[in-house]
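Please open the structure in your viewer and keep the selection panel at hand.

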Amino acid sequence: MADAGAPILEVADVTLQFGGVSALSDVSLSVGEGEIFSIIGPNGAGKTSLLNCVSGRYRPQQGAIRFRGEDLTRAKPNARCARGIGRTFQNLALYNRMSVLGNILVGRHNQLRNNFITGSLYWLTGADREEIEHRRAAETIIDFLEIAHIRKATTGTLSYGLRKRVELARAMALEPALLLLDEPMAGMNQEEKEDMARFIIDLNEEWGVTIAMIEHDIGAVMDISHRVAVLDFGQRIALGTPEEVMADPRVKQAYLGEDIEAEHDHRAAS
Ligand SMILES: Nc1ncnc2c1ncn2[C@@H]1O[C@H](COP(=O)(O)OP(=O)(O)OP(=O)(O)O)[C@@H](O)[C@H]1O
């Protein structure tokens, strides 16, 4: 990516509290159109809380969430989805008894329900044409994610790594402009992680989707992110390119004992 575009997402002075616990304290950051932006930090730092404030699951007590300049702080999750904010979850949220194709089509139909124009087309052109269009879109995603061989498989019978890929497929079915990924590589072996990293890069470069992701695999984050924000105890302690963030003493301090440098050096050497 040559230059970060205008912000697609702005998180402005967001504070989120649960009783006495401050999950987020005055956190600000913005994600440019076309970026791969990662949010890292130790356990309990507030990463998922931040993603939940963006997707609308949580509503911050203070601050604002803006998407392409529009204030969505009070908008419902469905309204954010309809604007083009998609997401995957830390713990898989799939229909396990349904086929892979079925799960992807559910993603498409959710889009239809929230879209007045497409909904009107349904009455004008009939359900068949619309269904053909959905299936065509689903097949494009299936080809892209190389899951054609499991298209008809019952989702719950697949390996964890493949189910993570199906969840990505379902999120893609909404045709998001901004995709929020919560630990897309968690629980994967090295080969699966490399595949997922490649899909995220292609999704960004070929499909033009902006990515905001949480990921614990620091090596993978450093390899594929344009910029990285670091949270610790609900505060943003660093923001910059992977190199800038890795060199920041506050980041090293936050990760004390987690050997962030050894992991990074190992990856850089290999
Ligand atoms: N629904 C909730 N109710 C009460 N406390 C919550 C809730 N969600 C998050 N918290 C608290 O907010 C803080 C931040 O949690 P969060 O899950 O956002 O961190 P995280 O960085 O995503 O952690 P992890 O890497 O372990 O997933 C923690 O102290 C957590 O216990």
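Predicted model: local features only at pLDDT ≥ 70, side-chain atom pairs only at ≥ 80, totals over all residues.

Is Asp26 buried, partly exposed or exposed? Asp26 counts as partly exposed, because 14 C-beta neighbours lie inside 10 Å, whereas a buried residue needs 20 or more and an exposed one has 12 or fewer. Asp26 lies in strand β2, and its phi is positive, about 55 degrees, although Asp26 is not a glycine. As background, most residues other than glycine have a negative phi.

Next, select Asp13, whose place is in strand β1. Its phi is near 50 degrees, a positive value in a residue other than glycine. With 13 other C-beta atoms within 10 Å, Asp13 is partly exposed.

Two pairs may be displayed as examples: Phe18 has Val21 of β2 as its bridge partner, and Val11 stands opposite Leu29 in β2.

**Helix α1**

How many of the 9 residues of α1 are buried? The helix is mostly covered, with 8 of its 9 residues buried. The buried residues are Lys47, Ser49, Leu50, Leu51, Asn52, Cys53, Val54 and Ser55. Just after α1, select Gly56, which takes a positive phi of about 100 degrees.

**The sheet of 6 strands**

Now display the open sheet of 6 strands, with the order β6-β7-β8-β3-β9-β10 and mixed pairing. Its edges are β6 (85-87) and β10 (235-240), each with a single partner strand, so one side of each has no neighbour in the sheet. On average, neighbouring strands of this sheet are turned by 20 degrees against each other, direction ignored.

For a parallel pair, select β7 (residues 178-182) and β8 (residues 210-214), which pair over 5 bridges. Within this pair, Leu179 has Ile211 of β8 as its bridge partner. Bring α1 back into view: the helix also packs on this sheet, where it touches β3 (36-40), β6, β7, β8 and β9 (227-232). The direction of α1 makes about 150 degrees with that of β7.

**The ligand and its surroundings**

Select the ligand and then the residues around it: Phe18, Val21, Ala23, Gly41, Asn43, Gly44, Ala45, Gly46, Lys47, Thr48 and Ser49. Which element gives the most to this shell? α1 does, with 3 residues. β2 and α1 each supply at least two residues. Coloured by class, the shell divides into 4 nonpolar, 6 polar and 1 charged residues.

**The two domains**

Colour the protein by domain: domain 1 covers 1-84 + 177-270, and domain 2 covers 93-175. The contact between them takes 11 residues from domain 1 and 9 residues from domain 2. On the side of domain 1 that touches domain 2, α2 (77-83) and α7 (190-205) each supply at least two residues. This side has 7 nonpolar, 3 polar and 1 charged residues.

**The whole protein**

Of the 270 residues, 37% count as buried. Among the contacts with a separation of 6 or more, 71% come from residues 24 or more positions apart.

Conventions
Residues numbered from 1 in each chain as written. Pairing = 2+ DSSP bridges. Helix = DSSP H or I, 4+ residues; strand = E, 2+ residues; numbered from the N terminus. Near = placed C-beta within 6 Å. Nonpolar A, V, L, I, M, F, W, Y, C, P; charged D, E, K, R; others polar. Domains from an automatic or database assignment. Contact = placed C-beta atoms within 7 Å. Axes fitted to C-alpha atoms, helices over the stretch in contact; angles between N-to-C directions.
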